[in-house]
Each structure stands twice: as C-alpha cells, then as structure tokens.
Amino acid sequence: MQNTRCFFDIEVDGEACGRLVFELFDNKCPKTAQNFRELCAGTHVTDDGRTLHYKGSRFHRVINWFIMQGGDMTHGDGKGGESIYGRFFDDENLRLQHSRAGVL
C-alpha cells in the first residue's frame with residue numbers, strides 16, 4: 001500500500017506563502033490517516049450537516065525553526081477541534097516517533 005499525500009496551502013495575512021505536503025502513514029495508522037485526509041479535503045459531513053475541514057483554520061502556535069501547531073477548527077486556540085469520528089478517537093500507534101524534521 002502506498003501512503004497518501006495531503007497538503008495545506010498556507011497564507012499569511014491573506015498572501016499565499018507556500019504549500020506544506022504531508023505523507024500519511026496509511027499502513028500503520030489507517031484511522032488517523034483517513035481522518036487527516038478527509039479534514040484536508042473537506043469531504044466529511046457530520047450528522048447535523050456541518051462540513052469538517054481545515055480550510056481557514058490557523059496555526060495557533062508557531063516557534064520558528066521548531067514547531068507549528070494547528071488544526072483546531074472549532075476554537076482556533078488548540079483547545080478545540082473535531083474528528084470525522086467525533087470529538088475524540090483512540091490513538092492507533094504510539095510506537096512511531098517524531099524522530100526527525102518533517103515527521104508528523
């Protein structure tokens with residue numbers, strides 16, 4: 001199985017500044033990969049008719065040359081967010097390590 005790639009087109013103050021491309025671990029974390037893929041594409045509609053997506057969400061924490069945190073499409077501050085499975089879902093794999101630059 002080949003891993004899926006997704007992307008974010010990034011804007012700062014309304015000006016395009018680049019694209020982040022993510023390779024997902026479909027083979028090791030299929031539920032997590034599906035959640036991220038659908039939130040990137042905006043293809044999941046909730047039971048109450050809302051479309052879940054990252055579009056328009058922001059990075060709520062940025063430390064230059066180290067980390068960018070985002071994905072909270074409900075509050076925008078890292079305290080919210082939602083998955084295609086509901087508010088939470090169980091971790092699939094805690095053995096994969098963030099061991100080098102670019103590993104998500």
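This is a predicted model: local features need pLDDT of at least 70, side-chain atom pairs count only at pLDDT 80 or more; totals for chains, interfaces and linings use all residues.
1. The largest nonpolar core has eleven residues, among them Cys6, Phe8, Ile10, Phe22 and Leu24. Ala33, Phe36, Leu39, Leu52, Tyr54 and Ile84 also belong to this core. At least two core residues come from strand 1 (5–12), and at least two come from helix 1 (30–41). In soluble globular proteins, nonpolar side chains tend to be buried together.

2. Leu39 is one of the core residues. Beyond its neighbours within four places in sequence, Leu39 contacts Leu52, His53, Tyr54, Met73, Glu82 and Ile84.

3. Strand 1 pairs with strand 2 (residues 15–23) in the antiparallel sense, with eight bridges. Arg5 has Glu23 of strand 2 as its bridge partner. The two strands form a hairpin with two residues between them, and Asp13 in this hairpin has a positive phi near 50°.

4. A further antiparallel pair consists of strand 5 (residues 59–63) and strand 6 (residues 67–70), joined over four bridges. Here Arg61 is bridged to Gln69 in strand 6. Three residues lie between the strands of this hairpin, and Trp65 in the turn takes a positive phi of about 65°.

5. Asp48 lies in the loop between strand 3 (44–45) and strand 4 (51–52). Asp48 counts as exposed because its relative accessibility is 56%, and the cut-off for exposed is over 50%.

6. The side chain of Asp48 makes polar contacts with the side chain of Thr46 at 2.3 Å and with that of Arg50 at 3.1 Å. Asn93 is 45 residues from Asp48 along the chain, and their C-alpha atoms are 30 Å apart.

Conventions. Residues are numbered from 1 along each chain as its sequence is written. Side-chain values use heavy atoms; hydrogens and water are left out. A nonpolar core is a set of buried Ala, Val, Leu, Ile, Met, Phe, Trp, Tyr and Cys residues joined through side-chain atoms within 4.5 Å. Buried means under 20% relative accessible area, exposed over 50%, partly exposed in between (1.4 Å probe, protein chains only). Contact means heavy atoms within 4.5 Å. Two strands pair if DSSP finds at least two bridges between them. A polar contact is a pair of N or O atoms within 3.5 Å; within protein, one must be able to donate a hydrogen and the other to accept it, and residues adjacent in sequence count only if both atoms are side-chain atoms.
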